[in-house]
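My notes follow in the order I looked things up.

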Protein chains: 2
Amino acid sequence: MTSPMYSTSVPVFKQMLGSLQVILQKAQAHAAEKKVEDQVFLQARLTPDMFNLIRQVQIAADFAKGISARLAGVDVPEYQDTEATFEDLQARLAKTLEFINSLNAAQFEGGENREIILRPGTPKEKKLTGNAYLLGYGLPQFFFHVTTTYAILRHHGVELGKRDYMGVY
Amino acid sequence: MTSPMYSTSVPVFKQMLGSLQVILQKAQAHAAEKKVEDQVFLQARLTPDMFNLIRQVQIAADFAKGISARLAGVDVPEYQDTEATFEDLQARLAKTLEFINSLNAAQFEGGENREIILRPGTPKEKKLTGNAYLLGYGLPQFFFHVTTTYAILRHHGVELGKRDYMGVY
């Protein structure tokens with residue numbers, strides 16, 4: 001039987017990162033069609049003190065790689081947050097997918113009981129089991145940033161539908 | 001061992017519906033403080049062809065009860081979508097929490113292999129195992145509507161932070 005920690009993480013991330021790839025392609029095509037600079041969308045946000053589109057995508061990708069790596073017990077790859085274009089974001093998503101595809105289900109065996117430490121060494125440090133980390137922290141965070149990416153683009157007029165958000169399931 | 005179908009659904013829904021309760025309380029308090037009619041927030045949406053706040057909350061609650069019921073193999077309770085006030089939405093969330101709290105983990109045993117039919121009897125009918133339904137369809141849908149509720153309120157100036165979205169984990 002496949003570890004539930006694997007089946008509840010990697011396939012979900014693959015589906016939703018695939019959805020982000022399509023959503024960003026459509027956003028870029030929309031910008032071209034409307035003759036609006038890509039940066040208008042890339043820098044867009046829902047309110048001044050929320051992150052812009054680029055940062056939302058970076059964070060979604062970071063949760064996908066970080067959660068997968070921690071549950072599999074391997075080092076979290078470090079990516080610099082230097083993306084500035086749609087092409088950069090696509091490369092970030094592709095790199096993230098390549099990493100999570102390199103993991104196999106066996107590495108996640110027992111991951112539900114692995115101790116995960118959030119914000120280690122800070123006053124807000126928190127220890128969770130792998131299971132609590134994935135379900136109570138990781139997935140809510142990941143979906144937040146995927147949905148907010150979609151919401152920013154919808155709010156800025158890109159023609160997307162729920163089907164684009166859902167991806168291939 | 002608890003069924004993974006239970007631990008991946010009911011506790012997640014409880015956490016996030018609890019978060020919605022707090023978020024909506026803060027939105028109502030904000031409306032009162034700013035002397036803005038509640039309906040301004042309740043009818044708010046991110047773009048004309050997305051659902052308003054009331055509908056987002058109703059749908060989030062519906063996914064929580066529908067997914068839980070289907071995986072547990074019990075009838076999905078039918079709720080009328082008549083909510084018009086913050087108090088109504090709180091009652092809807094409370095009723096939904098009461099329902100999912102009435103389910104026990106044993107009912108979810110084997111739920112991962114239960115056949116779930118989406119949009120039955122329509123041209124878009126789709127059959128999924130319980131596992132694929134929960135992870136590839138249900139959770140992405142549920143989190144979409146929770147996050148969009150938060151996003152609408154942030155976009156309309158309610159002071160909320162990621163902590164409010166995350167709830168108690």
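Is F142(B) buried or exposed? I looked it up, and F142(B) is buried at 0% relative accessibility. My cut-offs are under 20% relative accessible area for buried, over 50% for exposed and partly exposed in between, with a 1.4 Å probe and protein chains only.

**Ground rules.** This is a predicted model, so I note that local features need pLDDT of at least 70, side-chain atom pairs count only at pLDDT 80 or more, and totals for chains, interfaces and linings use all residues. Residues are numbered from 1 along each chain as its sequence is written, chains are lettered from A and ligands numbered from 1 in the order in which they are written, and side-chain values use heavy atoms, with hydrogens and water left out.

**Around F142(B).** I listed its contacts (heavy atoms within 4.5 Å), leaving aside neighbours within four places in sequence: V12(B), F13(B), M16(B), L17(B), A60(B), F63(B) and A64(B).

**Aromatic pairs.** I counted rings of Phe, Tyr and Trp (its six-membered ring) as pairs if their centres lie within 6.5 Å, calling planes under 30 degrees apart stacked, over 60 edge-to-face and the rest tilted. The count comes to 19 aromatic pairs over all chains. One of them is F13(B) with F142(B), edge-to-face at 4.7 Å centre to centre and 70 degrees between the planes. The pair links distant parts of the chain, with F13(B) in α2 (residues 10-34) and F142(B) in α6 (residues 130-155) of chain B, 129 residues apart. Helices here are DSSP runs (H or I, at least four residues), numbered from the N terminus. F13(B) is also buried, at 0% relative accessibility.

I looked at Y133(B) and Y137(B) next: their ring centres are 6.0 Å apart and their planes at 20 degrees, so this pair is stacked. Both sit in α6 of chain B, 4 residues apart, about one turn of the helix. Y133(B) is buried at 1%, and Y137(B) is buried at 10%.

I also found one aromatic cluster with members from both chains: F13(A), F142(A), F143(A), F13(B), F142(B) and F143(B).

**Charges over rings.** My test is NZ of Lys or CZ of Arg within 6 Å of the ring centre and within 35 degrees of the ring normal. K126(A) lies over the face of Y169(B), 5.1 Å from the ring centre. R55(B) has its charged end over the ring of F51(B), 5.6 Å from the centre.

**How the copies relate.** The same surface serves both copies, as 100% of the contact residues of chain A recur in chain B.

**Helix α5.** In chain B, α5 (residues 86-101) has 16 residues that should span 22 Å at 1.5 Å a residue, and its end C-alpha atoms are 22 Å apart, which agrees. The expected span is 1.5 Å times one less than the number of residues. Its buried residues, including F86(B), L93(B) and I100(B), pack against α2, α3 (38-42) and α4 (53-72) of chain B.

I100(A) is buried at 0%. Leaving aside neighbours within four places in sequence, I100(A) contacts V10(A), F13(A), K14(A), L17(A), A64(A), K65(A) and S68(A).

**Helix α2.** In chain A, α2 (residues 10-34) has 25 residues and reaches 36 Å from first C-alpha to last, close to the 36 Å expected. Just after α2(A), K35(A) takes a positive phi of about 55 degrees.

Q56(A) lies in α4 (residues 53-72) of chain A and is buried at 1%. D164(B) is in α7 (residues 162-166) of chain B and is buried at 14%. Not counting residues up to four places away in sequence, D164(B) touches S19(B), V22(B), I23(B) and K26(B).

How values were computed. Helix = DSSP H or I, 4+ residues; strand = E, 2+ residues; numbered from the N terminus.
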